[in-house]
Amino acid sequence: MFQAAVQRFSVSAAAESVCRAIFLVGFRRYCKKTSTKLRVSEALSGAQLGSDVKVQGWVRSVRPQKDNLFLHVNDGSSLQSLQIVAGAKLNDPLLTFGSAVEVTGVLKKSPHQKQPVELEAEQIRVVGECNPIDFPFKIKERHSLEYIRKLPHLRCRTNAFSSLLRVRSEATAAIHSYFKDNGFVQIHTPIITSNDCEGAGELFRVEPSGPDYVDDEDFFSVPAFLTVSGQLHLEVISGAFSKVYTFGPSFRAENSQTRRHLAEFFMVEAEISFTESLEDLTRVMEDMFRSATEHVLAHCVEDVDLFHRHVTPGHRDTVEAMLNKSFPVITYTEAIEILHRHSEKFTFPTHWGCDLKTEHEKYLVKHCGNVPVFVTDYPYDLKPFYARDNQDHPKHTAAAVDLLVPGVGELCGGSLREERLNLLMARLKQVGLEDTYSWYLDLRRFGSVPHGGFGLGFERYLQCILGVDNIKDVIPFPRFSHSCLL
């Protein structure tokens, strides 16, 4: 009996010893100093100053010395890079311009005025190697937008394009915020559609590819295309929601390689119900432009400054003028009169009824003080079937408006929509589309209200506020005629 008791006691003591050992190991791990992972922008702001931190990114510069090693590391969260200071023993032949690294150490206040903080490295690990000889970007060279455009798979590694991407992201957020704050409901309009909203016929047809596909059979039972606009679908939703918008890609099969054209681009489109005035539309256009631009200028100071200083010097003054002055409004007829008085300046002649070319649009902007200008009441025959007829013969105009901006020309286009069933039916019959758009007529038969809307070209907006001349330099992966890289 005694031996059994001793044996049970021994087992119990052993178990207790094991539990104590497990607890101590776990406690030591818990108490062990760990590094806080920070983005470069967070580190530069002074977050976790004096703490052990970990930063991951790509090397923008390497400067080895006899006793020390200096690196600049960037992770895309800011234009400015974080300086890494390390002992010479941490130098590694694989630490080169463009290589990916993980650095742990203590974040300290920098003794130098040009940088607020620096990371005193305790460990540097090369995550991804980069041969600086083969790498197409060189450490001390400033590469032009034309050069980096040829390398769409790598150009995000440059200062200029990383700044563009941050501005683009912030502008996107600002536009969504504007619409949300003003009571608009976001609608996801389809990418694949059977409609040609613009009526220009510049469409990409969608067809399946594969062994089960029959050439003479439509997958959707009707011809289908990539959308050129979400407007008609927004009009459907505007029959139940008074304020709606969409923000997404659009496609246009224009056989053009100019600096103004893309085959794939992004559009911001809005539709407002219960409105009979173009002023309601122009107010939203102007307010959205101001709101988004002020947000970008406030939240992307260094990135915008890079473009205003090195890409288009002096453009900041133009942007400030756009924000500080109200947008003038002129009619199409007044615009033609202005252009007639200076017709010798243009390649394309003007007359009442002609479509305005880019050279005409840019001239009108300069004539009005180099600020955005609204042009209203275009000739009826220039506008699509849905534009509202002003019934102002003999001129015969439509309740349509374009917003022209410095350096770009047309940025926004909109109109009141024709809500009168008889006039819309006559217009569709005139252009031979009454059967195709029978559903569109139903929108006027059942609870129709006066309404209108507009679309803004997002890439053109970025060109306008940054001063970028070529539209292919403000979109991550440009698609245009004879070019679809990646």
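Reply: If a disulfide is taken as a pair of cysteine sulfur atoms within 2.5 Å, the count is zero. C368 takes part in none, as the nearest cysteine sulfur, in C464, is 15 Å away. In general, a disulfide is a covalent bond joining the sulfur atoms of two cysteines.

The model is predicted, so local features need pLDDT of at least 70 and side-chain atom pairs count only at pLDDT 80 or more, while totals for chains, interfaces and linings use all residues. Residues are numbered from 1 along each chain as its sequence is written, and side-chain values use heavy atoms, with hydrogens and water left out.

C412 is buried, with a relative accessible area of 0%. Buried means under 20% relative accessible area, exposed means over 50%, and partly exposed is in between, for a 1.4 Å probe and protein chains only. T376 is buried as well, at 8%. This residue lies in strand β13, residues 373-376. Helices (H or I, at least four residues) and strands (E, at least two) are DSSP runs numbered from the N terminus. Contact means heavy atoms within 4.5 Å. Apart from its neighbours within four places in sequence, T376 is in contact with L278, V329, I330, T331, Y332, A400 and V401. T376 and D402 are 26 residues apart in sequence, with their C-alpha atoms 6.6 Å apart in space.

The loop between β13 and β14 (400-405) holds P394. A cis peptide bond joins H393 to P394, with omega about 10°. H396 is found in the loop between β13 and β14 too. Its phi is near 60°, a positive value in a residue other than glycine, and at 19% relative accessibility H396 counts as buried. S221 also has a positive phi without being glycine, near 70°. S221 sits in the loop between β8 (192-193) and β9 (225-226) and is exposed, at 64%.

Next come the pockets. On a 1 Å grid over the protein atoms alone, a pocket is an open set of points where a 1.4 Å probe fits, with protein on both sides within 12 Å along at least five of seven lines; lining residues have an atom within 4 Å of a point. The second largest pocket has a volume of about 1100 Å³. It is lined by 43 residues, and R60, T158, N159, A160 and L306 are the closest to its centre. The elements that give two or more residues to this lining are β2 (52-64), α3 (145-149), α4 (159-181) and α7 (301-311). The largest share, six residues, comes from α7. By class, the lining has 15 nonpolar, twelve polar and 16 charged residues. Ala, Val, Leu, Ile, Met, Phe, Trp, Tyr, Cys and Pro count as nonpolar, Asp, Glu, Lys and Arg as charged, and the others, Gly among them, as polar.

Last, the whole chain. The protein chain has 13 helices and 16 strands. Its radius of gyration is 30 Å, well over the 23 Å that the globule rule gives for 486 residues, so the chain is more spread out than a compact globule. The radius is taken over C-alpha atoms, and the rule is 2.2 Å times the number of residues to the power 0.38. Buried residues make up 45% of the 486.

Definitions and conventions
Points joined across faces, edges and corners; volume = space filled by probe spheres on them.
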